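The following note comments on one residue and on the ligand site around it. Please read the points alongside the model.

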Amino acid sequence: MSEIDPFENMLAQMDRAEPYADVGPGVFERLKHPERTLKVTLPIELDSGDTAVFEGYRCQFDSARGPYKGGVRYHPGVTMSEVEALAGWMTWKTALVDLPYGGAKGGVVCNPTELTDNDIENITRRYTEGIRRMIGPETDVPAPDMNTGPQTMAWMMDTYSMYKGYTVPGVVTGKPPEIGGTLGRVEATGRGVAIVTEQTFDYLGRRLDDASIAVQGFGNVGSHAARFLDDMGADVVAVSDVSGGVYDPDGLPVESLVSHVRDGNMLSDAAGESISNDELLRADVDVLIPAALENAVTEAVATDLRADVVVEAANGPLTPDADRILRERDVPVVPDILANAGGVIVSYLEWVQNTQEYAWTLEEVNSDLRERLTDTFDAVVSRHEEGVPDLRTAAYAIALERTATAHDFRGLFP
Ligand code: NAD
């Protein structure tokens, strides 16, 4: 668990946006509280022969704009407060990119590196059973997050479907395409991070093909972001995972590092000059992309940070103090609810395809993703230029107003 409570961080971000958002005080107060959070106990017989008891959560933060939507995280640091913060961030993200969804998040407190594939399948199926009364294509649609992926979603979909007695592809997104997933979902968040970085460079009047980039976290989001930015001509000079990282001022061989990690190796074992996570965050680069956990960029890191731009691929990677210091230092920060929204956009497209019982081409998916992200980026920049002091506050002002408008139309029940 991080020392800075992610939920308090999210509330501070909302408070900062309140003066710039046309939201009544009653609705604003309402938006600070999750609708509900379920805690489930998951007793599992492990392959080792031991019985272990895991804890899981599902938070449904707000549904005024549509069904709840949000990923499921497997990590030892998962807490109820973290899940509620992530569910809040999902609510603002889906509103900002104008998807007909609310926000949710789930998590299981476990360390996947200490578990077998069979243990993880059993945890997933038991967790799905635990939350199955909450989820469904019209109510709440889970997706992948840290340490979960297409296989996890396949097990969730199968478990839910077994209880229903028929196959329900739309209950989760991020499934393998063979069972109703969409083309382009696995890489969508990283692709979106690269698109938003490109937009930011256009906005700043700078050339991305001259830029040096450091990426912290080389999982689904970080590795795909690095690949797409490398394809766009930028120099990815530093990447790291939980074990440490590698650095090359002339640009790293991104594809071979992706293969190295895909083969089950850690980046600390990769060939080349080593760099610690701490050094990476302070590296002299044009763009820093934190793509791992919350609170990676602390007050001390923000003070020393040498990147010209920070693009938040992870959710909540800056502590509130770090955020303040970067604002004071005029370092542009592209907020998580914009920078990593590519994942939920393509999740939405997957859900639409499931509803239509029709599969789109990869080109259709990617062009829809680019258009939605570009429109959202432009809307955030316009709001910023109208006098909202920074990009995060501008993004929040838009998201809070859209969510509040839905609440105003729907009214208070009873
Ligand atoms: P992942 O599990 O695929 O990868 C996480 C990476 O972070 C791994 O390389 C891991 O080694 C590294 N890491 C973990 N702890 C670290 C530490 N203390 N220091 C440095 N590196 C560390 O997870 P992911 O799906 O890529 O998610 C990363 C972030 O992006 C999370 O904040 C997640 O909420 C966010 N996100 C993910 C998606 C998605 O579609 N997967 C969508 C939006 C946002």
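Leaving aside its neighbours within four places in sequence, with which residues is R73 in contact?

1. R73 is in contact (heavy atoms within 4.5 Å) with V78, E82, L86, G106, G107, V108, D145, M146, L293 and E294, its neighbours within four places in sequence being left aside. This is a predicted model, in which local features need pLDDT of at least 70, side-chain atom pairs count only at pLDDT 80 or more, and totals for chains, interfaces and linings use all residues. Residues are numbered from 1 along each chain as its sequence is written, and side-chain values use heavy atoms, with hydrogens and water left out.

2. Strand β3 (residues 68-74) contains R73; strands are DSSP runs of E, at least two residues, numbered from the N terminus. R73 has a relative accessible area of 3% and is therefore buried (under 20%, 1.4 Å probe, protein chains only).

3. Between the side chains of R73 and E82 there is a polar contact of 3.1 Å (a pair of N or O atoms within 3.5 Å; within protein, one must be able to donate a hydrogen and the other to accept it, and residues adjacent in sequence count only if both atoms are side-chain atoms).

4. The ligand is surrounded by 22 residues, the closest being R73, D145, T189, N220 and N315 (a heavy atom within 4 Å). From an N or O atom in the side chain of R73, an oxygen atom of the ligand is 2.9 Å away. For the side chain of R185, the corresponding distance to a ligand oxygen atom is 3.3 Å.

Key: Helix = DSSP H or I, 4+ residues; strand = E, 2+ residues; numbered from the N terminus. Buried < 20%, exposed > 50% of the residue type's maximum accessible area, 1.4 Å probe, protein only.
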